[in-house]
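Here is a structural report in short sections. Please view the sequence and the structure together.

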Amino acid sequence: MSENQIYTLTINGAEREVRDSWVGESLLYVLRERLGLPGAKGACEQGECGSCTVMVDGSAVCSCLVLAASAVSSDIVTVEGLSPDGSLTDVQESFIQHGAVQCGFCTPGLIVAIHNLLDENPSPSELQVKEAISGNICRCTGYGRIFAAVQDVIATRSA
Amino acid sequence: MSVYTPQTIEEAVELLATHPDAMLLSGGTDFMVEVNFNHRKPTEVVSTKAINELKVWDVDHSSHTVFIGAGVTYSTIEATEIAEVVPALAEASRTVGSPQIRAAGTLGGNLGTCSPAGDTLPVLAALEARIVIASPGSHREVAFADFMVGAKKNSLRSGEMVVGVSLPIVRGWQGYAKVGVRNAMVISIASACLVRDDVDDSVKVALGSVGPTIIRAHDAEAWWKDQTVPRSKEMFAEFGARCALEAKPITDHRSTADYRRHAVKVLCARLAARSSSR
Ligand SMILES: Cc1cc2nc3c(=O)[nH]c(=O)nc-3n(C[C@H](O)[C@H](O)[C@H](O)COP(=O)(O)OP(=O)(O)OC[C@H]3O[C@@H](n4cnc5c(N)ncnc54)[C@H](O)[C@@H]3O)c2cc1C
Ligand code: FES
Ligand code: FES
């Protein structure tokens with residue numbers, strides 16, 4: 001049994017202390033407002049848009065639906081931590097190259113969801129890619145360039 | 001103001017008993033929406049996250065039953081032996097939300113919320129699941145029909161939690177279908193689960209989103225049993241129409257009652273036809 005008032009989260013491999021928080025704060029809120037990690041975006045705060053997607057213990061989930069104080073002892077990876085040295089990942093580079101970013105609001109969530117997909121399945125079909133990002137809403141691009149960016153990563157990684 | 005992360009079921013129910021204001025948290029996919037929109041203001045939370053006993057399932061071929069822990073997620077149901085022994089539950093799980101929601105959301109949370117649109121609930125109703133419930137020092141089991149008592153109302157008493165569900169492994173076709181505005185991320189407008197039992201050629205049908213609780217179409221089931229003619233297209237259509245008569249739909253922001261009733265007719269006829277085209 002443990003009682004958390006000041007609690008510690010493990011984010012991108014580092015331990016981060018959270019102070020003075022209210023018990024109901026979401027992981028999204030704590031990341032952005034308390035820990036200075038604004039990569040994950042908040043739009044709907046009800047799990048519908050996917051812009052807040054992060055990895056928790058190896059699964060891509062909506063950080064707006066994770067109670068931050070319950071995520072102690074979880075391994076959290078945000079878009080900022082996908083590449084250990086802070087450089088751009090191949091998925092990010094491919095998004096830039098294919099112009100898969102317009103306003104960019106959906107982008108961090110998509111990047112995390114796509115990394116998660118390709119970690120689990122290095123050669124997904126087009127349908128599997130669509131399925132994997134069915135919880136990530138993009139209002140700008142119409143998705144064409146996003147799919148092109150993903151296909152390119154799949155091809156490059158398997159070459 | 002605390003979050004407790006007990007390691008065992010017994011610890012969790014002790015906490016619930018000694019902290020009457022404490023709320024149970026599993027995947028958070030219903031709970032946190034309510035918190036984010038100020039509909040729920042937790043002061044104390046008991047998280048089930050570290051309770052490994054809740055994340056197990058057990059297929060027992062000798063007794064033809066499967067037990068699924070309350071903490072099992074939709075993505076686990078879809079991808080494990082559970083999908084082989086209760087395919088309708090896997091189909092229902094597959095329709096929930098998005099990959100992110102299915103990675104977090106649990107069977108126990110669907111039962112805790114007990115929405116008429118909860119996608120696993122028609123499957124539990126059609127299979128006549130037993131819900132296993134724990135409280136300090138004791139366990140009890142109730143039939144699904146006695147568990148869900150109203151829209152978003154279950155018969156859990158204070159200090160109790162769902163440990164899991166026990167389901168029969170039925171020999172015969174089973175399936176789940178739902179109607180919504182698109183394929184992903186949709187709360188059902190109407191849904192149905194149909195289970196055929198090859199032993200006596202009986203059928204069980206349960207309807208979701210068309211009444212305050214999940215509705216079993218008992219009259220249509222009895223009608224099916226009385227038919228001696230070979231199964232035909234006409235029979236499936238008649239069966240669908242009879243199921244629709246038993247729905248008690250309302251009109252709300254998602255759909256009209258008429259459309260819901262029509263959807264039940266189509267879904268049930270379709271499931272019946274699928275069940276016969278093996
Ligand atoms: C974007 C989005 C899409 C969704 N789509 C669907 C859908 O298509 N179909 C569908 O059915 N649902 C859907 N849902 C609702 C939700 O995902 C499910 O109801 C899910 O099963 C809830 O499980 P959870 O583990 O997240 O529960 P939580 O949110 O943690 O808890 C839900 C409720 O159950 C209680 N509870 C949790 N565990 C237990 C337990 N072991 N015993 C007793 N009570 C318990 C909690 O106190 C709370 O009241 C959706 C939600 C979102 C945010
Ligand atoms: S902000 Fe979390 S899913 Fe939209
Ligand atoms: S680029 Fe604007 S929402 Fe996707």
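## Model and conventions

This is a predicted model, in which local features need pLDDT of at least 70, side-chain atom pairs count only at pLDDT 80 or more, and totals for chains, interfaces and linings use all residues. Residues are numbered from 1 along each chain as its sequence is written, chains are lettered from A and ligands numbered from 1 in the order in which they are written, and side-chain values use heavy atoms, with hydrogens and water left out.

## Domains

Chain A is divided into domain 1 (4–80) and domain 2 (90–158). Chain B has domain 1 (2–168) and domain 2 (174–276). Such bounds come from an automatic or database domain assignment.

In chain A, the C-alpha centres of the two domains lie 22 Å apart. There, 14 residues of domain 1 are in contact with 13 residues of domain 2; contact means heavy atoms within 4.5 Å. In chain B, the C-alpha centres of domain 1 and domain 2 are 25 Å apart. Contacts link 24 residues of domain 1 of chain B with 22 residues of domain 2 of chain B.

## Nonpolar cores

A nonpolar core is a set of buried Ala, Val, Leu, Ile, Met, Phe, Trp, Tyr and Cys residues joined through side-chain atoms within 4.5 Å. Buried means under 20% relative accessible area, exposed over 50%, and partly exposed in between (1.4 Å probe, protein chains only). The largest core has 53 residues. B:Ile68, B:Leu124, B:Ile131 and B:Leu167 touch the most other members. Domain 1 and domain 2 of chain B both give residues to this core, so it lies between them.

B:Ile131 has contacts beyond four places in sequence, including B:Leu111, B:Phe144, B:Phe147 and B:Val162. The list also includes B:Arg140 and B:Glu141. A second, separate core holds 36 residues, among them A:Tyr7, A:Leu67, B:Met32 and B:Val96.

## Ligand 1

Which chains surround ligand 1? Residues from chains A and B do, so the site is shared between chains. The shell has 37 residues, and B:Thr29, B:Asp30, B:Tyr74, B:Thr106 and B:Asp119 come nearest. A residue is near a molecule or strand if one of its heavy atoms lies within 4 Å of it. Strand E2 (23–25), helix H2 (31–36), helix H7 (107–113) and strand E10 (161–168) of chain B each supply at least two shell residues. H7(B) gives the largest share, 5 residues. Helices (H or I, at least four residues) and strands (E, at least two) are DSSP runs, numbered from the N terminus.

A polar backbone atom of B:Gly28 is 2.8 Å from an oxygen atom of ligand 1. For a polar side-chain atom of B:Thr106, the distance to a ligand oxygen atom is 2.6 Å. An N or O atom in the side chain of B:Asp119 lies 2.6 Å from a nitrogen atom of ligand 1. The protein covers 93% of the 980 Å² of accessible area that ligand 1 has on its own. Areas come from the Shrake-Rupley method with a 1.4 Å probe; for residues, only the protein chains shown count as cover.

## Buried residues

A:Glu25 sits in the loop between strand E2 (14–18) and helix H1 (27–34) of chain A. Its relative accessibility is 9%, so A:Glu25 counts as buried. Beyond four places in sequence, A:Glu25 touches residues including A:Arg34, A:Leu67 and B:Met32. B:Ser98 lies in the loop between helix H5 (87–94) and helix H6 (99–104) of chain B. At 0% relative accessibility, B:Ser98 is buried. Outside four places in sequence, B:Ser98 touches A:Ser134, A:Gly135 and B:Met185.

B:Asn154 belongs to strand E9 (residues 153–154) of chain B. B:Asn154 is buried at 18% relative accessibility. The side chain of B:Asn154 reaches the backbone oxygen of B:Gly112 at 3.3 Å. A polar atom of the B:Asn154 side chain is 3.1 Å from the backbone nitrogen of B:Leu156. A polar contact is a pair of N or O atoms within 3.5 Å; within protein, one must be able to donate a hydrogen and the other to accept it, and residues adjacent in sequence count only if both atoms are side-chain atoms.

## Positive phi

Most residues other than glycine have a negative phi. B:Asn38 has a positive phi near 60 degrees. B:Asn38 is in the loop between H2 and strand E3 (44–47) of chain B, and is partly exposed at 48% relative accessibility. B:His64 has a positive phi of about 55 degrees. B:His64 lies in the loop between strand E4 (57–60) and strand E5 (65–69) of chain B.
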